[in-house]
Structure formats: structure tokens, C-alpha cells
Amino acid sequence: MPNVRQVNTYWNWNDVHNADLYLGGLEQLRDNNATSQQRAQFIVSELRKLGISSAFQNYAFDASTGPMKGTNAYGVLVSPRASGSEAMVISASWLSRIGEGDGSLNLRGVATLLALASFLKRKGLVEWCSCFFTISTAGYSLWAKDIVVVVSDGYLEGMHAWLAAYHGSSQSNLNTDSLALTSGVIWTALNIDYPAHSLSHLGIFFEGLNGRLPNQDLLNSVQRISQKEGVPVIVYDHLDQVELDDSLSFVPNSLRENLQVSAYSSRARNIIRQFGYQVRGRPSGIHGLFHQFRIDAVTMFAVPATGPHGFHAIGRIIESTLRTTNNLLERLHASFFFYVLTGPDRFLKIGSYLPSAVLISVAMMFGGLKAWTDAAWVLNVADEKPGATKKWSRRRRPILIVLGIMGVTHVLGVLLLSVVTSSQFIKHRESNMLDVYS
């Protein structure tokens, strides 16, 4: 797992004040019913004031529900310490994921993103102390990768258009401008969703298109960093301890008030919700669109509350997470890509639930054998005239031959697996690879 222990975080109350100022400008755009173009122009102008190269992108979808169009705004913060071949993305959509993008605005998420852009662009100060005086010298940068800042229009459609243009993928019902600014290969992406005034917990959304999941080390890093900053982490947007539904009134009060039963109910709720996203193949946020391009991404959702956390806490979490992913020398690969989260720090690995899938496949095999035997019955018509007698006859269906074929294929699979995992095969492959690179 990436190193999540950062010595210092530099996000402070001046950055919180900047976020409040950006929020005021965004609220004014909302009150004036600004168009997508006007919103994007405001964001681009603010990024350019910071000295960040930025541009906007128009797009239009011809969807079955009607045409959809909008304008994305984005900027590229170039790292002075790298060649620009690698990048990280921080993003925020104009609409929040509350209600799956039903119209709730993500103004504080966008304000946090703009304040982060200002913070990331600002050069740090290095203090050199001597016995007599202190000299402050500007000029160092923490970042070894380019940082791409994206404010996507709408909910999913804006980020989909931006990613399609960035990676050069085409779609028949999508018309989009080409990107004037690009960077290198994107390794990780963090999406900020902060729809309310304050937050009590940080929710993690991680499912992507067609059930794809990010590497679990990214989730673990966010969880540990948030815990270090004093912000509790939950899976999705519901709290860990929940009361049993009123429809289960037949459950005794002793069980309903039991903490272990409540915790079990919460974990079961997380599992059911994750399976729901994966079965439908829909992403749980705009982060899920990154997974199709082999980019590990999550949405950091500020669970609405009256307190006690705000811009200060979420800014420090994002800064530390960016510094963690900035330290990566290769893509995340050492942890799981298949898992079921029961809680922010508990999961079921694939070996725990794979046996149930195997049992289901065995049942399907026997169901197929039954269909094979049932297909042996055919209808014979003695005479084509109306009212002629119809008889069912049974064809020969050799079950043993079918079982023999299935058994042989399974044996061949086991033999092939044992060969490719043998020590001799691995040594031979490594020696061949050394010959190729020598």
C-alpha cells in the first residue's frame, strides 16, 4: 500500500477562506441561472488567474431520452519535476450524486476543487535558519506528476465526454470538441462530492462501469488518511450503525436494540448495495467512468450534516491523498481488484465468496444435463392429416459421453494450471525474459 504517513500537511485556514470566496462566486452563478457556457467560462477564468493553463470543452449527446449538451472546464498543472508522461486527476461534477444526479448542486465540491487548484499552484516556502536570521526561499514543488483539474457539467455525461476526448475514443451519439490541453497517462483520480454546508462523515463510492473496482489500496489509503485527520469514514452515504426497518416489527426489541445486530444489518446493507451497482453495471459516481481506462478512482462524498467538519478537513484529506498517490512509482497492483466491502476497514476477499459462485455453476451444469436429456423427446406425427395421432419418441442421449467430455476438459485445465505454476516453468520463463532484454 502507498505510504500514507505524511509529515506535514500545508492546507490551512487561508485556503478555507479561498474556498468560501469561490463558493460565493458559484452561488452567484446559481442565483443568476447561469448557462453551462457561463459557468465554464467563470471556472476557466479563475484557473487562468492562478497561472494554470485551462480551457473548456463543448459536448452534445443524442440520447434516447432527448439531446443533452453542456460545457466542461479543465486545467493542467504541469509538474516541474517530471516529463509530463504521468498525471493525476481531481474532479468535481456540477451536479451531486445525491439522488443519482437528480439536480442537487455540488457547489462546495467545485469550490473545494478551485481552492485546491490555488493551493497546488502556490509554491511552498522553505525556511533556512541560522544563528542570526531566517531566510524564506520560494521555489520547490512536491509534485512529481501533472495534476489535471476537471469540473464536468451535468452528472455522468460531462465526465464521459471529457474522458472520451482525452483518450481518443469515439461514440456514434456523442459530438465533442477535441481537448486543447492534455497530459500524460492518468494513474489515479479523486472525485469531490460536497453538496451540503458541513459533513459528519466521509463516504466512499468506488463501483465502476460493468462492475469494475479500483485497487483496494486506494480505498485503504483514503480511509487511513481520513481517520488520521479525525473524520470518520463510511461506505456509501449511510452510517455504520442503523436501526432495523419498521417493517420488521416482529423482531424482538432485545434484538432490535442490540449493537451487534445493528452492525450486522449495516454490513449486509453495504453488501446488498454493492451487488446492486455491480449487477446493474452502473457506476456509483463519475469516478466509475475512469475504470474503463484502467484508472483507479473513487468519489469522496461529504455526508451532509450540521457539523463538525468542513472545507478544512476535506482539504487536508485530499492533499494527503494526492501526496500519497504522487509517490507511486508504478500502478497500484499489489492489493485486491475483486472484493466486497462490508465496512470501511472490513472486506470479503474473493476466496470467501467464490465457493458460492462455484456451487451455483455446479447447479447450472446439472441443469444443462437435464435440458440435454429432456431434448431427447421428439414429436412424431404418423399422418399429416388433421386429427392424426401424435406420438412422442425418445432419442438416444448418451449421458456418459457428455460427462466424459466434461471430465476430460476439467482434467486438462488442472494439468495446464499445474504446468504454468510449476517452479521449472517460472524459471524457464524468467530466463527467456532475461534473454529478450539482454
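User: Is Arg 273 buried, exposed or partly exposed?
Analyst: This is a predicted model. In it, Arg 273 is partly exposed, because its relative accessible area is 23%, which falls between the limits of 20% and 50%.

User: How far apart are the closest N and O atoms of Asp 237 and Arg 273?
Analyst: They are 2.7 Å apart, and the two residues form a salt bridge. Asp 237 sits in the loop between S10 and helix H6 (253-256), whereas Arg 273 is in helix H7 (residues 259-280), so the pair ties together parts that are 36 residues apart in sequence. Asp 237 counts as partly exposed, at 29% relative accessibility.

User: How many salt bridges does the structure hold?
Analyst: The structure holds 13 salt bridges. One of them pairs the side chains of Arg 316 and Glu 229, at 3.0 Å from N to O. Arg 316 belongs to helix H8 (residues 311-326) and Glu 229 to the loop between H5 and strand S10 (233-235), so this pair ties together parts that are 87 residues apart in sequence.

User: Is Glu 229 buried or exposed?
Analyst: Glu 229 is buried, because its relative accessible area is 18% and the cut-off for burial is under 20%.

User: And what about Glu 46 and Lys 49?
Analyst: Glu 46 and Lys 49 form a salt bridge whose closest N and O atoms are 3.3 Å apart. Both lie in helix H2 (residues 36-49), 3 residues apart, so about one helical turn separates them. Glu 46 is buried at a relative accessible area of 13%, while Lys 49 is exposed at 62%.

User: Changing topic: which residues make the nonpolar surface patch?
Analyst: Phe 338, Ile 350, Leu 354, Val 358, Val 362 and Phe 366 make a patch of about 530 Å². Val 362, found in helix H9 (residues 350-374), is partly exposed with a relative accessible area of 33%.

User: How does H9 pack with H10?
Analyst: H9 and helix H10 (residues 399-420) pack at an angle of about 150°, with their axes 11 Å apart. The angle is over 145 degrees, which means that H9 is roughly antiparallel to H10. H9 passes H10 in a right-handed crossing.

User: Last one: where is Asn 210?
Analyst: Asn 210 is in the loop between strand S9 (198-205) and helix H5 (216-228), and this residue is exposed at 65% relative accessible area. The C-alpha atoms of Asn 210 and Val 279 are separated by 7.8 Å, although the two residues are 69 residues apart along the chain.

Note on methods. Residues numbered from 1 in each chain as written. Predicted model: local features only at pLDDT ≥ 70, side-chain atom pairs only at ≥ 80, totals over all residues. Heavy atoms only, no water. Patch = residues over 30% accessible without salt bridge, like charges linked within 9 Å, V, L, I, M, F, W, Y side chains within 5 Å. Areas by Shrake-Rupley, 256 points an atom, 1.4 Å probe, with all protein chains shown as cover. Salt bridge = Lys/Arg side-chain N within 4 Å of Asp/Glu carboxyl O. Helix = DSSP H or I, 4+ residues; strand = E, 2+ residues; numbered from the N terminus. Buried < 20%, exposed > 50% of the residue type's maximum accessible area, 1.4 Å probe, protein only. Axes fitted to C-alpha atoms, helices over the stretch in contact; angles between N-to-C directions. Parallel < 35°, antiparallel > 145°, perpendicular 65-115°, else oblique. Left-handed = near helix turned anticlockwise from the far one by under 90°.
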